[in-house]
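Here are my notes on this model, point by point. Please read them with the structure open.

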Amino acid sequence: MSQTLLFPAPENPILPIDGSDLWFPVRRIFCVGRNYAAHAAEMGNEVDREAPFYFNKSAHTLCPSGRAIPYPTETQDCHYEMEFVVALDKEAAQVSKEKAMGAVFGYGCGIDLTRRDLQGQAKEKRRPWDIGKDFENAAILAALTPKAQFGEIGAQRIWLDHNGARVQDADLSDMVWSVPEIIAHLSRFYTLLPGDLIMTGTPAGVGPISPDSKLEGLVDGCVPVQVSFTPLT
């Protein structure tokens with residue numbers, strides 16, 4: 001029996017690949033919480049060194065780098081969080097730490113927008129964070145850099161400028177949980193598949209944006225991520 005859709009199916013989000021005519025189709029976005037000790041401390045939290053923890057963003061929260069977007073709705077305290085992004089192009093299920101990197105296609109720069117006031121209200125009521133994390137344009141992502149081009153993950157710098165002032169500055173080696181540890185642990189709970197992205201956490205220095213903010217971030221070896229905001233009309 002033929003299937004006729006009630007309305008057109010939405011297109012899957014895609015990301016450009018640096019130096020290639022190919023595009024990367026995005027399936028899911030996983031985010032690691034509190035993966036830099038200094039950031040956890042500035043938020044009044046401690047790092048859980050027993051295991052990483054996660055939250056999700058819909059693939060349709062993806063905003064390509066370089067755009068001017070509206071300031072998010074229903075918040076008076078939206079924060080930037082610069083992140084190192086890992087892109088997968090192979091299946092990983094119950095994979096070991098030693099084999100986890102075999103699923104990695106490449107890396108990118110991303111900004112996780114957070115409606116901090118709404119997230120705080122959810123925390124106080126012991127409710128999910130979705131309304132504070134999973135909203136339109138909340139995952140601003142730059143073009144991906146293939147793994148071979150990027151090289152081994154080490155002490156590459158990760159930084160973010162807000163209106164030209166440096167506000168976040170750290171090294172990838174500061175991450176509490178390494179990329180292979182994250183992939184191995186996450187693959188115990190999900191069958192990771194091609195198209196999945198992992199945003200690996202943010203360093204210290206997060207803070208609020210305003211309707212005229214401009215953000216630019218970089219991980220050494222990746223394409224920079226940029227975004228600007230416009231007042232709500």
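1. Two strands pair if DSSP finds at least two bridges between them. Keep in mind that this is a predicted model. Strand β7 (residues 78–80) pairs with β10 in the antiparallel sense, over 2 bridges. Within that pairing, C78 stands opposite R115 in β10.

2. The sheet around β7. Three strands, in the order β10-β7-β16, make up an open sheet with antiparallel pairing. β10 (114–115) and β16 (207–208) stand at the edges. Each has a single partner strand, so one side of each is left without a neighbour in the sheet.

3. Cysteines. How many disulfides does the model have? The count comes to 0 disulfides. A disulfide needs two cysteine sulfur atoms within 2.5 Å. For C78, the closest cysteine sulfur is in C63, 12 Å away, so the pair is too far apart for a bond. C109 is in no disulfide either; its nearest cysteine sulfur, that of C222, is 4.7 Å away. Are C78 and C109 buried or exposed? C78 is buried, at a relative accessible area of 0%. C109 is buried too, at 1%.

4. The five-stranded sheet. A further open sheet is built from 5 strands in the order β6-β18-β17-β13-β14, with mixed pairing. Its edge strands are β6 (67–70) and β14 (165–171), each of which pairs on one side only. On average, neighbouring strands of this sheet are turned by 20 degrees against each other, direction ignored.

5. Strand β17 (residues 214–219) and strand β13 (residues 157–162) run antiparallel and are joined by 5 bridges. Two residues of that pairing can be checked directly. W159 stands opposite L218. I158 has V219 as its bridge partner. β17 also pairs with strand β18 (residues 225–230), in the antiparallel sense, over 4 bridges. There, E216 stands opposite Q226.

6. The hairpin. β17 and β18 form a hairpin with 5 residues between the strands. G221 takes a positive phi in it, near 100 degrees.

7. Most residues other than glycine have a negative phi. Which phi does R126 have? The value is positive, about 55 degrees, although R126 is not a glycine. R126 sits in the loop between α2 (116–124) and α3 (130–133). R126 is exposed, with a relative accessible area of 82%. N137 is another case: its phi is near 65 degrees, again positive in a residue other than glycine. N137 lies in the loop between α3 and β11 (139–141). At 23% relative accessibility, N137 counts as partly exposed.

8. A buried loop serine. Where is S187? S187 belongs to the loop between α5 (179–186) and β15 (196–199). Is S187 buried or exposed? S187 is buried, since its relative accessible area is 2%, and buried means under 20%. Leaving out residues up to four places away in sequence, S187 touches A92, A93, Q94, V95 and L192.

9. The main core. The largest nonpolar core has 45 residues. Those with the most contacts inside it are F84, V86, I111, L113, I183, I198 and V219. Which elements each supply at least two residues of this core? They are β3 (28–33), β7, β8 (82–88), β9 (104–112), β13, α5, β17 and β18. V219 links back to point 5, where it is the bridge partner of I158.

10. Contacts of I183. With residues up to four places away in sequence not counted, I183 touches V86, L88, A92, V95, A100, V104, L192 and I198. Of these, V86 and I198 are also among the residues with the most contacts inside the core.

Methods: Residues are numbered from 1 along each chain as its sequence is written. This is a predicted model: local features need pLDDT of at least 70, side-chain atom pairs count only at pLDDT 80 or more; totals for chains, interfaces and linings use all residues. Side-chain values use heavy atoms; hydrogens and water are left out. Buried means under 20% relative accessible area, exposed over 50%, partly exposed in between (1.4 Å probe, protein chains only). Axes are lines fitted to C-alpha atoms, for helices over the stretch in contact, and angles run from 0 to 180 degrees between N-to-C directions. Contact means heavy atoms within 4.5 Å. A nonpolar core is a set of buried Ala, Val, Leu, Ile, Met, Phe, Trp, Tyr and Cys residues joined through side-chain atoms within 4.5 Å.
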